[in-house]
Amino acid sequence: MPTQTDVVIVGAGLAGLRAAQLLTQRGFTVRLVDSSDHVGGRVHSSTTDGFILDQGFQLINPSYPELVASGVLEELDLRSFAPALRFSDGETSFEVADPRYALMPNLRALGGQLAPSDAFSLSRLLLAARFTSATRLTRGADRTTLEGLLEVGLSPSVINKVLQPFLRGTMLDETLETSWHYAQLLFKSFASGRPGTPATGVSALPLALLNSSPALQLHLHEAVTALTATSVSTNTASYSARAVLVATDQSTAAALIGTPDTGWRTQTAYWFATPQLEKSQQFRIDTKRGVWNMLDVSSVAPERAPSGRGLVVASGVGDRDDALVRSDLARLYDLDEGDVVLIERQVVTRALPKLTTPLNCTRPASRGDLFVAGDWMQTPSIQGALVSGRRAADAITEQLAA
Ligand SMILES: Cc1cc2nc3c(=O)[nH]c(=O)nc-3n(C[C@H](O)[C@H](O)[C@H](O)COP(=O)(O)OP(=O)(O)OC[C@H]3O[C@@H](n4cnc5c(N)ncnc54)[C@H](O)[C@@H]3O)c2cc1C
């Protein structure tokens, strides 16, 4: 195999894969090098005792514009969950549904729980997110999510009871210091599409990107140790190229090329085997002891559990006693604790790059004479990683064509 290609990409996560897809489709020769044993980076699935588990709990939103643009959505066999959040504190429970169809039911449900002004402000927030463009939502000075929620008129009570549990599970941020502009993009994607999981696990996404990248030269198990604008050295080989793209996570990029590292947010995920459940397709949020998001994955993707069994994932921030998570899950799904069996507990310490204020999605996709991509360049999400890959591919295309 020749050691010279047009481009070498370091990192086969979603950012590197999206860049590889575009560059190969444009006719460039591309080598993609990754230190791990799989493509997809943080988006990864594995099988344990017949259950397909993802590495950490994550959802794919079919409304992500860059996912649609990548052309692989149809390949994912994405199974969407009911567009509703069910909150429970052990005593009472209530549901917030998709604002496209359920403004009045939402107001009624929330009216029983919250002040009418809060119920109204919350529905207005979700509707505004749905119908306002991403450009407008991120215009003007950024602030923290907590400041943004207070500014739109929500009381501390509704923030603590409804918004904080949802956002904490999604942003993995206990204090809501994350960018308000990004929070609004999250509300937008929740209000615009029904998040789901592929029938064969989240790995379906990187594999579909890989399959749509013609003639890509892929090298796994090769850690890049040094690089320049035209050369890459790994633990086993050296490669040269006309352009080099660093598409690693932020900490590796910081070590390799000195870009900033903002630190990480951690997610803990528990995967449980249960009996097969019924009518359990909504996202359940347990607010009794801390906040844990729970989802019956097998309700939409029965393939992910052995026949007759259920697969439920509970995820949250920080550490918890396994027995407490199990007992809360049993309560939320009305099961006997003895029927809930822990399959795997995962502490993903490098889940999301910390994103505080201001959100900045316009940084150039290059640093000196190297190209750079990764979710940390955009937003800590699948959409952010894919966009960063596309921006880097465009910048490389421009340079190579010059
Ligand atoms: C637990 C968890 C839950 C999440 N939930 C959601 C969600 O619900 N919705 C959502 O939109 N997003 C979610 N995300 C975020 C999303 O998965 C990430 O933002 C995205 O996958 C990041 O892709 P990336 O390509 O930027 O980085 P990565 O996936 O980190 O890819 C970087 C790649 O670089 C490789 N690499 C590192 N060092 C080297 C080296 N020295 N040499 C060669 N290769 C190297 C790594 O092996 C890796 O493959 C979640 C992430 C996690 C972990």
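Between which two helices does the loop that holds Leu176 lie? Leu176 sits in the loop between helix 7 (156-171) and helix 8 (180-192), where helices (H or I, at least four residues) and strands (E, at least two) are DSSP runs numbered from the N terminus.

## The model

This is a predicted model, in which local features need pLDDT of at least 70, side-chain atom pairs count only at pLDDT 80 or more, and totals for chains, interfaces and linings use all residues. Residues are numbered from 1 along each chain as its sequence is written.

Most residues other than glycine have a negative phi, and most peptide bonds are trans. Leu176, although not a glycine, has a positive phi of about 60 degrees, and Leu176 is partly exposed because 19 other C-beta atoms lie within 10 Å. A residue is called buried if 20 or more other C-beta atoms lie within 10 Å of its own, exposed if 12 or fewer, and partly exposed in between, with C-beta atoms placed from the backbone.

His221, in the loop between strand 9 (217-219) and strand 10, also is not a glycine and has a positive phi of about 60 degrees; with 12 C-beta neighbours inside 10 Å, His221 counts as exposed. The peptide bond from Thr357 to Pro358 is cis, with omega near -10 degrees, and Pro358 belongs to the loop between strand 17 (341-353) and strand 18 (366-367).

## Domains

The domain assignment, whose bounds come from an automatic or database source, gives domain 1 (4-44 + 203-263 + 358-401), domain 2 (45-80 + 196-201 + 264-353) and domain 3 (84-192). The centres of domain 1 and domain 2, taken over C-alpha atoms, are separated by 28 Å, and 22 residues of domain 1 are in contact with 21 residues of domain 2, contact being counted when C-beta atoms, placed from the backbone, lie within 7 Å. On the side of domain 1 that touches domain 2, helix 1, helix 9 and helix 12 each give two or more residues, and the largest share, 5 residues, comes from helix 12.

## Nonpolar cores

A nonpolar core is a set of buried Ala, Val, Leu, Ile, Met, Phe, Trp, Tyr and Cys residues joined through C-beta atoms within 7 Å. The largest one has 56 residues, of which Val7, Ile9, Val10, Ala19, Leu245 and Ala392 touch the most other members. Among the elements that supply at least two residues each are strand 1 (4-10), strand 2 (30-33) and helix 12 (382-401).

Leaving aside neighbours within four places in sequence, Ala392 is in contact with residues including Ala19, Leu245 and Phe371. Strand 1 and strand 2 pair in the parallel sense over 4 bridges, pairing being assigned if DSSP finds at least two bridges between two strands, and Ile9 has Leu32 in strand 2 as its bridge partner. In strand 2, Val30 and Leu32 on one side and Arg31 and Val33 on the other are all buried, which leaves both faces covered.

## Around the ligand

Of the 35 residues around the ligand, Gly11, Gly13, Gly41, Gly56 and Gln58 come nearest, a residue being near if its C-beta atom, placed from the backbone, lies within 6 Å. Helix 12 gives the largest share of this shell, 4 residues. Domain 1 and domain 2 both give residues to the shell, so the shell lies between them.

Methods: Contact = placed C-beta atoms within 7 Å.
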